[in-house]
Protein chains: 2
Amino acid sequence: MPPTQRHATLADVAARAGVSPSTVSRAMRGLPTVSPEVRARVEQAARELNFAVSRQAASLVTGRTGVVAALVPTLDSWFMGSALSSLGPLLRASGREMNVYVLPDLAERASFFERLPARRNADALLVFGFDLTQEETARLDELEMPVIYVSQHTEGRPSVYVDDVAGGCKATRHLLHLGHRRIAFAHVASSHGFHFSSRERLLGYRQALAEAGIPFDDELVITIASDDRRSVLEGVGRLLALREPPTAVFAEHDEPALSLVSTLRKARVAVPERMSVIGFDDHRMAEWADLSTIAQSPADMGRIAGELALELIESDGAERDARDGGEDGGRSRHIVLPTLLIPRGTTAPPPAPEDE
Amino acid sequence: MPPTQRHATLADVAARAGVSPSTVSRAMRGLPTVSPEVRARVEQAARELNFAVSRQAASLVTGRTGVVAALVPTLDSWFMGSALSSLGPLLRASGREMNVYVLPDLAERASFFERLPARRNADALLVFGFDLTQEETARLDELEMPVIYVSQHTEGRPSVYVDDVAGGCKATRHLLHLGHRRIAFAHVASSHGFHFSSRERLLGYRQALAEAGIPFDDELVITIASDDRRSVLEGVGRLLALREPPTAVFAEHDEPALSLVSTLRKARVAVPERMSVIGFDDHRMAEWADLSTIAQSPADMGRIAGELALELIESDGAERDARDGGEDGGRSRHIVLPTLLIPRGTTAPPPAPEDE
DNA sequence: TTGAAAGCGCTAACAC
DNA sequence: GTGTTAGCGCTTTCAA
């Protein structure tokens with residue numbers, strides 16, 4: 001007895017339409033060398049048989065898989081969600097599929113880099129937000145397909161990212177302009193050993209302080225564990241207990257910023273009257289909660305990285321002919337996206353000094 | 001001049017290892033019928049040539065693609081992110097890839113159902129959180145692969161979801177037990193025309209009210225647009241302006257619940273002293289903000305749905321032989337996951353009555 | 001504009 | 001345990 005009914009093949013359609021397989025192939029791909037009448041007949045037959053071209057068989061001969069892969073540390077974050085939500089439709093519009101590799105921990109990560117499952121199974125790879133080692137990057141170079149680094153800069157390889165230093169600077173300057181002099185920085189300890197540009201945001205913070213002639217004070221840097229509410233309470237407690245407590249906090253992401261606001265208000269520390277808080281992201285929740293923040297657009301990053309991927313895929317065949325686009329044909333292009341200060345209701349001038 | 005260097009093939013490895021292609025194939029798939037010595041030789045050759053089996057070629061002959069597809073309305077939500085973050089690694093552990101189709105608007109959705117790009121390109125499809133029409137469901141039935149409905153029940157087809165009615169009931173009962181009698185329900189108007197079980201949560205709310213002998217009052221149901229802060233302000237304003245304002249709000253998701261808390265506190269309405277707020281999800285932010293909520297686990301849903309998919313893929317070949325697992329071999333199984341009340345700091349007894 | 005034939009890289013019978 | 005053979009379903013010359 002036969003297994004599940006087989007899919008119709010191109011040959012089936014050809015038989016039903018009374019033409020040769022090659023003609024069906026041409027018609028299905030929309031090539032112009034098919035007479036309108038025949039094309040109609042083929043399309044009808046295909047519809048009746050519920051036929052779709054097998055990507056597997058096609059790619060065997062074309063050498064293209066029609067798949068673009070995305071490597072992400074997790075999908076459980078506003079950033080990744082937004083980025084892939086814009087990348088997916090873009091790829092579909094070009095007739096491609098989106099393959100996602102989620103590497104939530106070091107074991108998964110090691111296994112990915114050891115087996116390199118994307119090899120031969122995608123036409124390009126987008127690497128999101130990882131802080132890769134040199135070995136890992138070298139391994140990706142072996143993939144023999146375009147690899148684009150997103151939310152991370154990698155020397156000599158195509159990258160798309162926002163200017164985190166400038167963003168950190170903007171946030172800090174905003175607070176400085178409001179009159180704050182004691183400004184804390186809230187850092188998030190991520191559990192999976194990936195960084196999300198936090199190093200650079202801290203750098204921007206320090207840079208803005210330096211410009212204003214304010215010395216860096218590491219008592220003002222707190223670390224919040226992203227999965228533990230007590231760490232927020234502790235961090236806030238530590239800041240408030242300082243001899244000279246801050247009047248403002250810059251959190252490297254909106255989520256911790258929101259938890260700071262919530263924790264402060266619950267403790268009857270008025271925000272922004274007693275303490276200003278600014279985040280980074282412009283998370284959907286930031287508007288809801290009227291949080292001041294530095295906006296970045298992961299949706300734009302996803303889209304732009306996707307466009308770059310398509311471009312590199314296109315040029316992958318012809319690359320050795322004309323060296324028109326410079327020596328590497330855009331292979332080491334860096335695209336830097338802007339950030340934008342969005343002042344909202346959680347930042348204001350510091351309270352009038354009481355003890356000075 | 002040649003294009004980009006071609007990938008090594010199985011034949012190349014065979015030549016280098018001095019064996020036949022079939023032997024290489026067997027070795028690469030870990031079949032037991034290969035002598036250890038030969039296996040070692042093959043693996044070495046494969047490593048030297050940076051060889052990986054082409055899924056496309058393999059699937060052409062096995063009839064399996066090694067891909068599981070997920071259909072999602074968006075990735076930009078806590079729920080989807082968590083679900084796919086657990087699904088991905090599970091699929092990888094079984095040696096499969098995860099293909100994601102994001103359908104953020106009705107145009108994308110229509111185009112997906114018209115072209116059915118998953119056809120022939122995946123071994124199973126997981127459909128997340130859509131409220132499908134009958135036509136769409138019928139279309140998916142034509143896919144000739146297992147289709148699992150997640151976060152949605154569909155008659156006669158495998159489904160995995162939480163008991164939203166019971167969850168809504170639990171949230172409302174929690175507030176009732178605390179002594180609340182005027183309880184509002186905050187509904188989210190989603191922009192893409194997809195429902196996320198909100199109908200059923202409202203049902204649970206009404207059911208709990210009925211049990212307590214409290215009549216349903218539609219003045220207490222507000223709608224918040226998920227992308228507009230003013231709508232939150234308006235909703236809160238409307239509730240507070242009622243002749244008999246509520247003392248508690250049940251929001252169908254944590255994100256709007258958090259924005260309610262934030263808006264109320266900013267307006268100097270103490271939470272929970274003056275107004276209790278409970279959400280639904282147990283979003284990561286809920287713990288950070290000390291929000292009472294009804295927990296559901298999208299991670300569990302993703303995992304369980306994935307396991308079901310693998311099971312159905314396995315049984316897909318043998319299904320017609322033994323009808324052991326009931327008439328349909330689990331093809332119409334429904335798996336209902338539990339919800340859990342998590343009381344935190346945003347719910348408390350109502351304030352002592354002032355005017356009565 | 002269409003058809004015939006060759007083969008993409010692999011697995012699965014079947015021999016040995 | 002290993003090799004030989006015959007396709008899987010498609011695209012792509014090349015001829016007509």
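Of the 356 residues of chain A, 45% count as buried. The model is a predicted one. Chain A holds 13 helices and 12 strands. Its radius of gyration is 26 Å, well over the 21 Å given by the globule rule for 356 residues, so chain A is more spread out than a compact globule.

**Chain A overall**

- Taken along the principal axes, the C-alpha atoms of chain A fill a box of roughly 95 × 45 × 40 Å.
- Among the contacts in chain A with a separation of 6 or more, 71% join residues 24 or more positions apart.

**Relation of the two copies**

**Interface between chains A and B**

- The contact involves 59 residues of chain B and 58 residues of chain A.
- On the side of chain B that touches chain A, the elements giving two or more residues are α4, α5 (78-93), β2 (97-102), α10 (229-241), α11 (254-266), α12 (284-288) and α13 (298-318) of chain B.
- By class, the residues on this side of chain B are 21 nonpolar, 20 polar and 18 charged.

**Surface near DNA strand C**

- DNA strand C is surrounded by 26 residues, of which A:Ser20, B:Thr9, B:Leu10, B:Ser25 and B:Ala57 are the closest.
- At least two residues each come from α2 (21-28) and α4 (55-62) of chain A, and from α1 (10-17), α2 (21-28) and α4 (55-62) of chain B.
- Helix α4(B) gives the largest share of this surface, with 5 residues.
- The surface near DNA strand C is made up of 14 nonpolar, 10 polar and 2 charged residues.

**Surface near DNA strand D**

- Around DNA strand D there are 27 residues, and A:Leu10, A:Ser22, A:Ser25, A:Ala57 and B:Ser20 come nearest.
- Here α1 (10-17), α2 and α4 of chain A, along with α2 and α4 of chain B, each supply at least two residues.
- The largest share of the surface near DNA strand D, 5 residues, is that of α4(A).
- This surface counts 15 nonpolar, 10 polar and 2 charged residues.

**Strands β6 and β7 of chain B**

- Strand β6 (residues 183-189) of chain B runs parallel to β7(B), and 5 bridges join the two.
- Within this pairing, B:His187 stands opposite B:Thr223 of β7(B).
- In a regular strand the side chains alternate between the two faces of the sheet.
- In strand β7 (residues 221-225) of chain B, the covered face carries B:Ile222 and B:Ile224, while B:Val221, B:Thr223 and B:Ala225 are on the uncovered one.

**Residue A:Asp163**

- A:Asp163 lies in the loop that links β5 (159-162) to α8 (164-178) of chain A.
- A:Asp163 has 17 C-beta neighbours inside 10 Å and so counts as partly exposed, because a residue needs 20 or more to be buried and 12 or fewer to be exposed.
- Apart from neighbours within four places in sequence, A:Asp163 is in contact with A:Val336, A:Pro338 and A:Thr339.
- From A:Asp163 to A:Leu233 is 70 residues in sequence and 30 Å in space, C-alpha to C-alpha.

Key
Residues numbered from 1 in each chain as written. Chains lettered and ligands numbered in written order. Predicted model: local features only at pLDDT ≥ 70, side-chain atom pairs only at ≥ 80, totals over all residues. Helix = DSSP H or I, 4+ residues; strand = E, 2+ residues; numbered from the N terminus. Rg over C-alpha atoms; globule rule 2.2 N^0.38 Å. Contact = placed C-beta atoms within 7 Å. Near = placed C-beta within 6 Å. Nonpolar A, V, L, I, M, F, W, Y, C, P; charged D, E, K, R; others polar. Pairing = 2+ DSSP bridges.
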